[in-house]
Structures are given as structure tokens and as C-alpha cells.
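Here is a short briefing on one protein structure. Take a look at it first, then work through the points by topic.

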Amino acid sequence: MHDDTAEVRDPTDVVDEYEEALDSVLSDVDAPEPDDDGGVSLGLPGLSLNRRDFVKAGVAAGAMGAVAGCSSLNGGGGGQATESGGGGVDHSVAPGEHDEYYGFWSGGHSGELRVIGIPSMRELTRIPVFNTDCASGYGYTDDTKQLLEDSGGYSWGDNHHPNLSETDGDYDGEYLYVNDKANGRIARVNLTYFETDAITDVPNMQAIHGCTVLSPDTKYVFGNGEFRAPLPNDGRDLDDPDSYTALFAAVDPESMETQWQVKVDGNLDINDSGKEGRWVIASAYNSEEATSIQGMTRDDRDDVKAFDIPAIEQAVENGNYEEVNGIPIVDGTKESPLNQGDRPIVKYIPTPKSPHCVEVEPNGDYAMVAGKLSPTVTIIDLNKLPEVEDPADAVVGRPRVGLGPLHTTFDGNGHAYTSLFIDSQAVKWDIEAAVEAEEGSEEPIIERQDVHYNPGHIQALEAMTTDPDGEWLVSLNKLSKDRFLPVGPIMPDNDQLIHIGQGEKEMELVADHPAYPEPHDCVFAHKDKIDAKKVYDPEDYEETYITEEASGVERTGENSVHVKMTTKRSEYGLPDFTVQEGDEVRLTTTNIEGIQDIIHGVAIPEHDINYAVAPQDTREVTFTADEPGVYWIYCTFFCSALHLEMRSRMLVEPAEG
Ligand code: K7E
Ligand code: CUA
């Protein structure tokens, strides 16, 4: 397949080109204010960082695999970079002991969630969400197959932002909600059984990126439309980007039905809820409404959107919407009549530059917007937001944190920690000091910790609640490069565990944790907040519980049979059963064991079937027995000393004639 005529480019040229492109779009400390004539004035005088040198070194470290830390790049002051190697604090959990926290990691385009114990970083389980999983049987059993089918029938999803359901601003351990960026879906995971129990394909939206629940009581789950598209997207306006639309969607957390959507100017990246049930703040990077990278990065400011949820609800109630595909769509664009009065439904806050993330700090006073292409974090005062006539006046601080700020997290003691993608650092800063300080000041910076390399999200324990626990922080780094044994060209990501104490200490890098591509975000809950069941409660599912006596084959039609059988150590309720060639076989299996962790599997060779049945659980598969012959059914969970002997036979009789 090698094309000899293809030009192989010098990697150095590629880096130089990238460096130049990045340099041209990175904005200065404070993005220039737009002039009246639409031009731009100069940025803050007196704060002329030699950005080019800065960028060069950062890019070299990123693109060329240089392994040196980036501390030398930050001579500019504002906090000493720390190079620590896991010497002091012990994160190990002794054999047989439990972790203190559950960590729920999104798996990105693997489509799954991963459950990781903190502080040990041990992987406890995986929860299939948008993918299929033959160990659990997710996507193989009838109900889970139906779930994936009903939500679009896609074989994969790209999950980014896990959110735990809240009551009174604290995790209630009921559900986890996560988005599928690829197909515009939101899924719900039941934390009693650690299973996906609902997926909704949100109408009118192609990609949902930001996903958050409304604090403090999970009234809605919100999805941010990142890609602008025609509305409806049915072949109209194909190459007319000006008429494309980005939507913000509210989904009911119980029914999982979309309640309403809001049309906005520009696009929507990531979002977070204030703590009082009024504001949801969303970042954006394409106020230019462009379709090319040059266009999307042209302007030095993009509009962060503040959605006033009760005001939007009022508009819906008043019938102030158009309906598209059955969903009320409220007009939240700048020119909308709903944005002209004294209670606009969406406030637009110009923010430098292509800002990536929004995180609301634990008190609910400030939303932190990381600048991405601006080396700053913009602090929006949510208490001022209702009063100010010009939403820009709600901006109360803008510390300069470093290059490529993406995400921010909190220790609950007045500190923020921001990830710097280009600088490869976690930077700790003082929130009140940043509000006090001049715009662009580095004074609020307390400390910098090198990470390896190029962090995206950064999360501290329970940072999204009103009462974070501090102690540990995880930096989810996109690149690991030389940190692990090479495993071919696709290396794992690197989730690094950093000890932060209660914010009084220096950050200390404690552990590297390779992660299969590509986690984006994670969320942590204290173990006491999650009440996972150890065996199934038959009350919780609809299938009929099968007893040993009820095991048998029932002909339900000319070409259909219902096979019922139990599982226990170490036999199936039926040693064999007979069906006819061409029969549609509905196989219902109940695991009659009542003991934790005694799982049995049901694998049927050459029929593409395998699934797990947990204690007291009942599962069902329906398939066609289309080839006559003998098929051994065997158990796929090593359940006992007689596990290999745990087998049954399906005898498929040839059709007559
Ligand atoms: Cu920054 Cu999808 Cu939250 Cu990835 S997103 S990093
Ligand atoms: Cu049952 Cu192995």
C-alpha cells in the first residue's frame, strides 16, 4: 500500500508550520477590545510576553517528544514549577482494603465508562454505554440491544462528560449522565447496578459536547450543540453556513425526553451549572460561525453564553417558540425579542479567545472560563450577572495562568487549579486574589506542577459539589510519550495522580496511570455516597424469574420457541434442549444463586452470543437457530471447580424436506 510517489515531509517542517499557525492564533494576555469600526486596538501595554519563544518551546515539547519539564519556560514569575517524583505521599491501598472514592472516567471514543478507585488508581470495572461489551452481554441481550437500537443503532459513541445526579447540591448516588459527542446522545447509568439504563438521541442536534446537570437538584440534564448545522438537517441549506444553527438542549432526567432547546449565535462548547438552579454557563469557540480553522480562530473574543433557565422555562410556557421535530425551540440569538427586555434568556459575554471550558467554583459565586488560545482564565461573577446591563461587566477577574488553559478544578479552600495544555502544567491559583488583582496579573498564581504531557481535564475530589474534599487531584493528560513502555505507535493517555492536601501544601505528583484512549473527564464520589447492590433484586426488572422447575422448552409458534433455564454452580437448568432449524429461539436465563460475585455466563458458539447473568438476575436473548447441528453452550465466568463442566447442548434438528 506504500505510495512511492507520495512526498514524505520533513517532520521539522511540519512542526515549524504548526508552530507558526499556533503562534498566529494565540492571543495576548488580554484580547484586544473590539473598536467601534470593528477593528482591534492593541492588547494590554506593559505586559508584552515574548510569546513566540514561549510557544516555540511548548510546541517543541509537544510535537517532538522532548522530555524535559516545562519549568524553564515559566521564568516569567508567578509561582515556581515543581518537579516531583512521587517520593513522599503514599497512595497505595493495602491488599484487601478499599479505596476511599469512586472515580468515574469517561472513555471517549471507546464509548464506555471506567470506574477507578481513588487513591489507588486501580480500575474496578468498566460500564459499557455507547459500545457493546461481550463480557457483560451489553448489546447482546434483548433489552440492551433494543436500547442501542432505539437510540440510533450506532455501534459507537464518544463520551466526554460524566455527571453525577445531585440532591441539595451533593451527589445522591442515583445516576450518572454522560454525553455522546459523536451522535448527539445523552445516556444515563444506574448506580445501583452500574448499568446503562437509558440513552436518548436528542433531536435536531448532531454533536453534543458539553453536558451538565442543573444544580442543586438535577432538574435537567443539558447538552451543548458544538457543530452548527441546518435546522432541520434534511438537505436544505447545505452550503449556506450562515443559516446553520447551534442548540442548547434540556433533557428530563427521569423520562430522558428532550423538553426544549435554545437556538444561539455562534456555537457551544462546554457547560456547567451555577449552584442555585438559575444559570448554566456555556463556553464557545466559533462566534465567527466559520467552517474552517482559519475562520474559527479569526476573532480574539468569543461569546460565552449564560442561559437563564427560569426565563427560558417562562418563554416555553408562554408559547414563545417554534417546534422542530416535536421539540419547542426558543430563539436565544442576540437579535431575538426574548433577549431585548430586562430579563434576556441568554446573555452573551465576550471572552478571549476560543475559550474551552467553564467550571463553577463550589460557592457558586464565580464561573471560571479557561482561555485556551488566551493565557488567561476569565472569572464571571454569577451574582452580578442578573444586574449588569452589559454582561461584560460581570467579568470580575482575568488572571494570566499560562499557555493553553483548558480546564479548572477546586479544592474547596479558595484555590483553583487550571490545566495548561501547551505548557503541560497544572497551575494553582488563589480565587479571591485573582478577583482583587489587575487583569492579566500573575500574582494570584501560587504554584505550578509539571505534568506529562498536554493535560485536558483536571479534577479534584468532589470538586463539582458545594463541598469539595481536596486531597487528590487527577490530571488527564492526552499524551504519555516516553512515560511508559512503548506499545506501538498508539500510546496510552496518562492520568496523573497529584496530592494537593487541603490546598495548604505543595502539589506533589504521586503516580502515572496509563489509560486506553481517550478519557476526557472524570468525576469522584465518596464511597459512602454510592450504594451498589451485590445481588439483583428481581423486583427491579421486568423479565420473569425462572425457577429450576420452570426450566424447559415451550413451542410458542410454528417457527418459534421459548427456552427457559436457570444457572447455578455448576449446571444449567437444562442439560440439553432441542429446537428446529429456522426457529426463532427466545432464551431466558435466571441465575438462581444468591451469593455476591457468583456470575455465570451463557456463550453459544457460532451464534454470536455471550452474556453474563449475575446472582438473582434474569437475562434474555433472541436469535435464529439457522444451521442444523449440535451447539455446546458453555459458561464464560470461572465460577467453580466444575466450571469447565458447566455446559448444555442446543440440538438443532434439520428442517424436513
Ligand atoms: Cu476538554 Cu470534551 Cu471536556 Cu476533552 S473536552 S479535554
Ligand atoms: Cu458457571 Cu462457570
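A residue counts as buried when its relative accessible area is under 20%, as exposed when that area is over 50%, and as partly exposed in between. Asp 10 has a relative accessible area of 38%, so Asp 10 is partly exposed. Keep in mind that this is a predicted model.

**Charge on the surface**

- Four residues gather in a patch of negative charge on the surface: Asp 10, Asp 13, Asp 16 and Glu 20.
- Asp 10 sits in the segment before helix H1, which covers 11–25.

**A buried charge**

- Where is Glu 288 found? It is in the loop between strand S14 (279–282) and helix H4 (293–296).
- Glu 288 is buried, yet it has no salt bridge.
- A salt bridge needs a side-chain nitrogen of Lys or Arg within 4 Å of a carboxyl oxygen of Asp or Glu.
- For Glu 288, the nearest side chain of opposite charge is Arg 298, and it is 5.7 Å away.
- Which residues does Glu 288 contact, leaving aside its neighbours within four places in sequence? They are Gly 295, Met 296, Thr 297, Arg 298, Asp 299 and Asp 302.

**Cis peptide bonds**

- Ser 215 and Pro 216 are joined by a cis peptide bond, with omega at about 5 degrees.
- Pro 216 belongs to the loop between strand S9 (208–213) and strand S10 (221–225).
- Another cis peptide bond runs from Pro 517 to Glu 518, where omega is near -5 degrees.
- Glu 518 lies in the loop between strand S30 (508–515) and strand S31 (522–526).

- Ser 354 is not a glycine, but its phi is positive, near 50 degrees.
- The loop between strand S18 (346–351) and strand S19 (358–360) holds Ser 354.
- Is Ser 354 buried or exposed? Its relative accessible area is 2%, so Ser 354 is buried.
- Gln 616 is a residue other than glycine with a positive phi, near 70 degrees.
- Gln 616 has its place in the loop between strand S38 (609–613) and strand S39 (618–625).
- Why does Gln 616 count as buried? Its relative accessibility is 16%, and the cut-off for buried is under 20%.

Note on methods:
Residues numbered from 1 in each chain as written. Chains lettered and ligands numbered in written order. Predicted model: local features only at pLDDT ≥ 70, side-chain atom pairs only at ≥ 80, totals over all residues. Heavy atoms only, no water. Patch = residues over 30% accessible without salt bridge, like charges linked within 9 Å, V, L, I, M, F, W, Y side chains within 5 Å. Areas by Shrake-Rupley, 256 points an atom, 1.4 Å probe, with all protein chains shown as cover. Lys, Arg positive; Asp, Glu negative; His and termini not counted. Charge placed at Lys NZ, Arg CZ, Asp CG, Glu CD. Helix = DSSP H or I, 4+ residues; strand = E, 2+ residues; numbered from the N terminus. Buried < 20%, exposed > 50% of the residue type's maximum accessible area, 1.4 Å probe, protein only. Contact = heavy atoms within 4.5 Å.
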